[in-house]
Structure formats: C-alpha cells, structure tokens
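I am opening a notebook on this structure. The entries below record what I looked up, in the order I looked.

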Amino acid sequence: LNDVDIAIRPVDPHAKGVQQEVLFTLEKKLYASSEYLEKYGEPQSIEDLKNHRIIAPANIEKYPYSQLNWILTLGLPKGKLHDSIYSSTSIECLFQAAKKGIGIIGGYEKMSILKNAHLKNILPDITYTKKKGYFIYPDYLKDDKDIIDIKNYLQKKLIIKLG
C-alpha cells in the first residue's frame, strides 16, 4: 500500500518490487544451568529429553506459526509433546526458572537475556531452524542514502547486540 518505507521481518518469497536483505540470523538451541545439570544430569541425546524437565512458553496455541513449542516436540513422534515443568508468557520468567535450575530451556543463542543467565548449551548439535530477519524496502529506495544509513546502523548495532 506504499504506507511503509522499511520493514524488519521474515523474507517474503512472493514479494515484488522490494529489496530484501538479511539483517540478522538467529538460531535456537537448548540450555540448562549447572545446578540443573548437577541434579538431573546432562542429556546425551534428543531421546533423553523425555526424562528431563522442560521449560516452555505458555499459551503456545495463540501463536500457531511461531513454533514456540519446538522444544516440546524434540525427540517425540509428530503430534506428541513433552510435558512442561514450568511455563510462562514472560521470557524473563522463563529464563529465571532456567537460571534457578528448574529445567531445560530453548532460546536464541545471541539473546542478551540468555548470555546474562550463564546457562550451558546442551546437545549443541540440536538446533531449531535458523531464523533470519530481513531489512525490506521498496525497490525505488534502493539508492536512498537515508535507507542505506538506517540499514547499516541497524546491522552494526545488531552485530554488537547479537554477536
């Protein structure tokens, strides 16, 4: 509708007349506190997760396309879910629970909240599909200095924040 000059969102493979440039890439992995690992042991395979305590977001049914339940599906047949030992709609509460040793959590490896929680990456080969955020703008703005400056600024800040 030409009412937006830029957007930051997943790629739209069917979009016409726009530039779509990768702004950042995020990858979800599994994490647990050293306290949890001392008490319950470290899973050695994805199948071991059925014997562990999982922390997951609440109300996942409200977000059918976001795959918030990816951690609940790991190692199980399609349509089955692990029971969650703790759930919340607050990302801060979820990470506090993991930090206190309540269970295993999934999170984007570059999240500052994850880095500050000092959790250990477990089953490092298990990841959820990488998510890419794209900087999208109309073709007619591809040489616009302000658009280029905004994109470069965001890339620089995201590298510092996420890297």
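**Entry 1: aromatic pairs**

How many aromatic pairs does the count come to? I first noted the ground rules: this is a predicted model, in which local features need pLDDT of at least 70 and side-chain atom pairs count only at pLDDT 80 or more, while totals for chains, interfaces and linings use all residues. Residues are numbered from 1 along each chain as its sequence is written, and side-chain values use heavy atoms, with hydrogens and water left out.

The count comes to two aromatic pairs. I looked at one of them, Phe135 with Tyr137, which is tilted, at 5.5 Å centre to centre and 55° between the planes. The rule takes rings of Phe, Tyr and Trp (its six-membered ring) with centres within 6.5 Å; planes under 30 degrees apart are stacked, over 60 edge-to-face, and the rest tilted. Phe135 and Tyr137 are both buried. Buried stands for under 20% relative accessible area, exposed for over 50%, and partly exposed for what lies in between (1.4 Å probe, protein chains only).

**Entry 2: Tyr134**

I then looked up Tyr134, which has its place in strand β7 (residues 128–138). Helices (H or I, at least four residues) and strands (E, at least two) are DSSP runs, numbered from the N terminus. Is Tyr134 buried or exposed? Tyr134 is buried, because its relative accessible area is 14%.

I listed its contacts, meaning heavy atoms within 4.5 Å. Leaving aside residues up to four places away in sequence, Tyr134 touches Ala7, Ile8, Arg9, Pro10, Val11, Gln20, Glu21, Val22 and Leu23. I also checked Asp12: it is 122 residues from Tyr134 in sequence, but the C-alpha atoms are 9.3 Å apart in space.

**Entry 3: strand β2 and its partners**

Which strands pair with β2? Two strands pair if DSSP finds at least two bridges between them. Strand β2 (residues 18–32) pairs with strand β5 (residues 105–108) through four bridges, in the antiparallel sense. In that pairing I found Tyr31 opposite Ile105. β2 also runs antiparallel to strand β6 (residues 120–122), with three bridges joining them. There, Ala32 has Lys120 as its bridge partner.

I recorded Lys29 as buried, because its relative accessible area is 14%. Its contacts, residues up to four places away in sequence not counted, include Trp70, Ile105, Gly106, Asn121 and Ile126.

**Entry 4: nonpolar cores**

A nonpolar core is a set of buried Ala, Val, Leu, Ile, Met, Phe, Trp, Tyr and Cys residues joined through side-chain atoms within 4.5 Å. The largest one has 15 residues, and Leu30, Leu49, Ile71 and Ile104 have the most contacts inside it. Which elements give two or more residues to this core? They are β2, α1 (34–40), β3 (54–57) and α2 (70–73). Of these, α2 gives the most, with three residues.

I followed Leu49 and found that it touches Leu30, Pro43, Ile54, Leu74, His82, Ile104 and Leu123, not counting residues up to four places away in sequence. A second, separate core has ten residues, among them Tyr31, Ala98, Ile105 and Leu119.

**Entry 5: helix α3**

Which residues of helix α3 (residues 91–99) are buried? They are Leu94, Phe95, Ala97 and Ala98. These lie on the same side of α3, because they cover an arc of only 155° around the axis; the arc is that of the directions from the helix axis to the C-beta atoms. The buried residues of α3 pack against β3, β4 (84–88), β5 and α4 (112–117). Gly101 follows α3 and has a positive phi, near 90°.

**Entry 6: salt bridges**

The count comes to four salt bridges, each a side-chain nitrogen of Lys or Arg within 4 Å of a carboxyl oxygen of Asp or Glu. In one, Lys151 meets Glu21 at 2.7 Å, N to O. Lys151 lies in helix α5 (residues 145–162) and Glu21 in strand β2, so this pair ties together parts 130 residues apart in sequence. Lys151 is buried, at 12% relative accessible area, whereas Glu21 is partly exposed, at 22%.

I noted Lys29 again, in a salt bridge with Glu27 (3.9 Å, N to O); both are buried. Lys145 forms another with Asp149, with the closest N and O atoms 2.7 Å apart. Lys145 and Asp149 are separated by about one helical turn, because they are four residues apart in α5. Lys145 is exposed, at 57%, and Asp149 is partly exposed, at 35%.
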